[in-house]
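Subject: Structure handover

Hello,

Here is the structure for your files. Please have it open while you read the notes that follow.

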Amino acid sequence: MNADVGSINCFTGPAFRRSDYDALFNSALNQLRDERRYRNFVDLERLAGQFPHAIWHSPVGPRQVVIWCSNDYLGMAQHPDVVGAMVEAASQMGTGAGGTRNIAGTNHSLLELERELASLHGKEAALVFTSGYVSNQTGIATIAKLLPDCLLLSDALNHNSMIEGVRHSGAERHIWRHNDVRHLEQLLRATAPDRPKLILCESLYSMDGDVAPLHQICDLAERYGALTYVDEVHAVGMYGAHGGGIAERDGVMDRIDIIEGTLAKAFGCLGGYVAANANLIDAVRSYAPGFIFTTALPPPICAAATAAIRHLRTSQRERDRHQDRAARLKSVLHTAGLPVMPSETHIVPVHVGDPEKCKMVSNLLLWKHGIYIQPINYPTVPRGHERLRITPSPHHSHELMDHLAEALIDVWDQLKLPRLDRTVSVTKPRDSRIHVDSVA
């Protein structure tokens, strides 16, 4: 037996050492540093009731800062109804879910949340996941696998979670040019009429702030026999008469087959979901590994999310104030001659165009002016289109906006970044992110 083992162990060189592994990790990190893409996390302590103010635990001690890049778009994470629902649920049911949904994790709060989400989107059923990323990744992959020989047609700027769902499906996919319905129709027309097809897009693209032509996409889906899957994560809660998203605002919610959303942005909590007809949701529930094999959301999270949804279904005040704040900030920054990229929604992108300078802008804003805005670099946007992504909330006052504009002007001048003539606007890149197929 020893001879047999010895014959297998025929290595000629020294064994790989722990230091060799560490050197490989260090090399990967150094590559990010060389490309100015390495991220340092800022230690922030949000203050309930005081958003967008927070405490930055800086290397020299605590400092107050103003957050300008949060996806808690409406400040619902600090709303008394939402906080109260979470505290009450934790007191009554504890903090944990108890396991996966299939074993011990299905609780009344979770079922109540799913009913609320289905009603919000006018669908028969909804299914909650642990995050919006997981709902896209496992939802798309599972749906495609359940449709024999399914063809996936994915917008070029779809989020990484959707791209990963497409990849994990193993299905054939075609990438259509961003918001280009003519190109989408060309791809549909070239596909066999009896073949299952799934069109994938976002309703609101979070880096540029542009909106999908949902009416035209639905027209094509109906004409060519395709299902539609629309990611509404940056729109739910903020658009539509009841916060149902761009699809509700544009009157196409009933024409979209599958709506995906998040509880972590406008609703101020955690989790993701898909809403559709009962059979489709039941099939995903029964087959999706990202649902079956993970612990369920805890009851306090579910109760808080339900409270946020119910409040925003009946209150228009937050949405109106949010749009007012976004419009004013765009005007203030444009008047200051800053390179604000065109956006028809609440996203306010400011072009920098260089990863190192983008990071320097972010650092100066934080250290010198007490303003927290993270840089957006490759691969989230293409190289050369680095930017600040500013997200005003209903809680950002006139004074905070004026302070931001003054701080940006100071930093722009200090770094000798170009300012614009007040009559000129910045043109955004046609494709501001890169789909997996173009880099694979």
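Asp-282 is partly exposed, with a relative accessible area of 37%; here buried means under 20% relative accessible area, exposed over 50%, and partly exposed in between, with a 1.4 Å probe and protein chains only. Helices (H or I, at least four residues) and strands (E, at least two) are DSSP runs, numbered from the N terminus.

Please note that this is a predicted model: local features need pLDDT of at least 70, side-chain atom pairs count only at pLDDT 80 or more, and totals for chains, interfaces and linings use all residues. Residues are numbered from 1 along each chain as its sequence is written, and side-chain values use heavy atoms, with hydrogens and water left out.

Salt bridges

The count of salt bridges comes to 25. One of them joins Arg-189 to Glu-185, with the closest N and O atoms 3.6 Å apart. This pair sits in helix α7 (residues 181-189), four residues apart, or about one turn of the helix. Arg-189 is exposed at 51% relative accessibility, whereas Glu-185 is buried at 17%.

Another salt bridge links Asp-219 and Arg-255, at 2.5 Å from N to O. Asp-219 belongs to helix α8 (residues 214-224) and Arg-255 to the loop between α9 (246-249) and β9 (258-262), so the pair ties together parts that are 36 residues apart in sequence. Both count as partly exposed: Asp-219 has a relative accessible area of 34%, and Arg-255 has 22%.

There is also a network of salt bridges, which links Glu-112, Glu-116, Arg-310 and Arg-313.

Cysteines

How many disulfides does a search of the whole structure find? It finds zero, a disulfide being a pair of cysteine sulfur atoms within 2.5 Å. Cys-269 is buried at 15% relative accessibility, and Cys-302 is buried at 0%.

Regards

Terms used
A salt bridge is a side-chain nitrogen of Lys or Arg within 4 Å of a carboxyl oxygen of Asp or Glu.
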